[in-house]
Structure formats: C-alpha cells, structure tokens
Amino acid sequence: MEEEAFIVERFKRYYSTHWTKAPKQVHTREFGFGGWSKKIESRHYSFSSEKEMNAFLGRNAPLFISYSEAHYAYPAARPIEKKNWLSGDLVFDIDANELGMPCTEKHKKEWVCEMCMDRAKECALRLIDDFLVKDFNVPKEEIEVNFSGNRGYHIHVSTRFQTIKGYGRKEIADYVNANGLDYDHFFRQDLIHKRIFGPKVTDGGWKGKLTQMLVDGIKNRTLERLGIAKKTVEKFYSRIDAADQIANGNWEAVYITDRKKFFSNLVENIKRQHGAFVDEGVTFDTSKLIRMPDSIHGETGLLAQRIPVNDLERYDWTTRPVVFSDSPFRVYVKKSQPVILKGQIFGPYEDQTLDLPEYAAVYLICKKAAVLAENKDRAIAATKSVQKEENKQEGHSVI
Ligand SMILES: [Zn+2]
C-alpha cells in the first residue's frame, strides 16, 4: 500500500466515526482542502450545514481542512471579490518555529520540541491575558483557542472586531508584537520647565508595561537582565526611591547618559519578554484560510483540537490531540528527530525498520520521514535518486 492511501484510510475512518463541530455560521464560510502534496489543493467550497460538512469529510477525508476566518454572502463564488465579504473573525497564529528559539536551528523547521512548544503556549497565554483581556477588554469566554495540529496555537475572536478591515487588523498584530515602539512616542520634552516626562506604570498599553518592567527590575535587582549597562544599573540601585520616581513618570530621577540607547535596549527586551509573536500575515489578511479546529492535521495526524480557554495552561499537546490507536505498524524510518507522543519518546531514528504504535507511525509518515516497511526499498531508491539529482545540480560528478 502507498503511504498516501494508508493515511487517507485512517483519516476516513476517523471522520466517518466522529462528528466534527463546524465553525460558527458555517454557511458563510469558504473551505479549502489539501492532500499529500499540497496543504491547499482546492478552495471555494461551501457547506449549508454542519451535517453536510460532516458527510463530505466522511466521504473524502481531506488531509488538510481549512476554512475562511471571513464570513461571505457567497462563499463558493469566485474570484474572491464576488464572494461579498461581510465580516471576519480576528485570528492569531502563533508558530513555534517563528519565535526565534535556538532549538529551531537544531531540529529545523519541520520539527518541534518541548522547548519551542512551551514558548508557543507562553505566547498564546500572554496574548489572551495581557492583550485581549487586559488591553482590549475581550471577555475570556469570547476567546476560542485551538492547537494548530502541528507547531503552535490559533486564537480566534468571533465578536467585536468583526468589521475591522485589513490595516486595522495589522495595527492590532503590530501592537501585540510590539512593532514600531519608538523613543519619541514614550518621552515628552517640556521645553519651558526643561524637563522630560516619561511614561508611568498607570499608563495603558506598552507605556505602562515598559515602565512596570523597569520598576520591577529596580525592585528585584535584576536590571542587568534588561541589557542595561553596569554603570547605569548602579545609579538606579543607589537611589532609594528610584522605583517610585520612575513609576510616577519622573525618569530624570536617575541621570541616564545615553537615553536613546538605554531605551532601545529596554524595547528589545520588552519585546522578547512581553511580545506575543503572532504571524502578522494571518491576522492581516481577511481572505486567509486557516486550519479548521477539530480537524486532523495532514502533517502530523494530530487533531487541531479546540481547547477551553481556561485549560490552555495545562494542555498537553503531546497526548490530548492523539486520535489514532496503539496497534503496532512496521515502518522504515529514513531520518527523524525525537518526537514525544503520549509520554513516550520516539527517535531519533535513521535508516531503521521498527514497529511503532499507529499514532507514531502516522506522525512520522505524515512528516514524510517514514514509509511502510514493505516500501523500504522504494524509499531508499527514491532518496538515492534525489541525492543524485542534488549532486548533479551542485556540479559534482556522479559515478
Ligand atoms: Zn524546539
């Protein structure tokens, strides 16, 4: 059996025995589907009801199911202008590979590890608590979260931002990512009194967050972690009321030699520690198709599972979204990074034939790192021919 048929058979079994909850107002959504070679092979589909959608999934079992964050009057119409955009959910995508983690260099972008996935969760929690709830006053019960099925989390708000168009959404993404914070915006020079007024802890948005971070650094004696020069750090520590003065906006209480440099260090640090690192393109583009919650991801065989917002902190992505069985399957693994699933570490493997539980076999086959054992010779021959081709392109002589 070919690997694609093996996977499709399993997805079909899942969709024909499980009812999948449709996105809200399903009849206004555009759907797109992907297969073995592409995440979106066809789009412009629509369903009149959840029932119709489930019948389609059971019949066709696409490997990737995406839907529009937008609501359209005519979701199946094409080109896109004819769909008649009505409104759109506000969507954020947090991808473990885009967080600048050192582990990503090591395991490359196709894989994840606990470290970058923990960081992705931390960013998702921060987006919800520090930005959506605190800064935008979105009640927690209006926030929907799902595991992306592969490398991160998606956060959807289907209320209150519905009619905001692309650039308004871009501003929201820029805000949560701390893009474009600049010195001039934070400090005001009063020429008459020859004083500089800075932000206070009680200020909203980044002004308050930045001031709080500095005040905490003074109180906890951790200013060095903010990239502040030792000499300046000592000035802050030697003044007993420095934290109170800064908290109230008196940034001149401590003389800072190079204020611009000092500030740019602070901004870099606050971005790293308090930014949400969302993919701006996903939030901005209101015609984007995004993974449907509770569908299986064709690159992992894991469910892009809905997570009750209050459960996110303790959500275990290595166990909860596993939908396939423990039955053993013999596979040949060309090369894989270690994968943790259901509390067990699989790999790293290289050039190995072994029995794996169905869910781990599906994961590695979907990642294109493994094939069914019976296809080992074909896989080795294919790898050799790819290498030959690469050598040719690099101008090496092939014997
Ligand atoms: Zn990692």
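Visitor: What makes β13 and β16 a pair, and in which sense do they pair?
Guide: This is a predicted model. Two strands pair if DSSP finds at least two bridges between them. Strand β13, residues 328-336, and β16 have eight bridges, in the antiparallel sense. So they count as a pair. One of the bridges joins arginine 330 to aspartate 355 in β16.

Visitor: Why are β16 and β17 called edge strands?
Guide: The open sheet has three strands, in the order β16-β13-β17. β16 (349-357) and β17 (370-372) each have a single partner strand, so one side of each has no neighbour in the sheet. On average, neighbouring strands are turned by 30 degrees against each other, direction ignored.

Visitor: Which helix packs on this sheet, touching β13 and β17?
Guide: Helix α1, residues 3-17. Its direction makes about 85 degrees with that of β17. Helix α12, residues 358-366, lies across β13, β16 and β17. Helix α12 runs at about 145 degrees to β16.

Visitor: Which atoms coordinate the zinc ion?
Guide: Cys103 (SG), His107 (NE2), Cys113 (SG) and Cys116 (SG), at 2.1 to 2.4 Å. The cut-off for a donor here is within 2.8 Å of the metal, so these atoms qualify. Along the chain, the donors follow the spacing C-x3-H-x5-C-x2-C.

Visitor: Why is the site of the zinc ion called tetrahedral?
Guide: Four donors count as tetrahedral if all angles lie between 85 and 135 degrees. Here the angles among the four donor atoms are 101 to 118 degrees, so the site is tetrahedral.

Visitor: Are cysteine 103 and cysteine 116 buried or exposed?
Guide: Both are buried.

Definitions and conventions
Residues numbered from 1 in each chain as written. Predicted model: local features only at pLDDT ≥ 70, side-chain atom pairs only at ≥ 80, totals over all residues. Heavy atoms only, no water. Helix = DSSP H or I, 4+ residues; strand = E, 2+ residues; numbered from the N terminus. Axes fitted to C-alpha atoms, helices over the stretch in contact; angles between N-to-C directions. Contact = heavy atoms within 4.5 Å. Donors = N, O, S within 2.8 Å, 3.2 Å for Na, K, Ca; no water. Tetrahedral: all angles 85-135°; square planar, octahedral: opposite > 155°, others 65-115°. Buried < 20%, exposed > 50% of the residue type's maximum accessible area, 1.4 Å probe, protein only.
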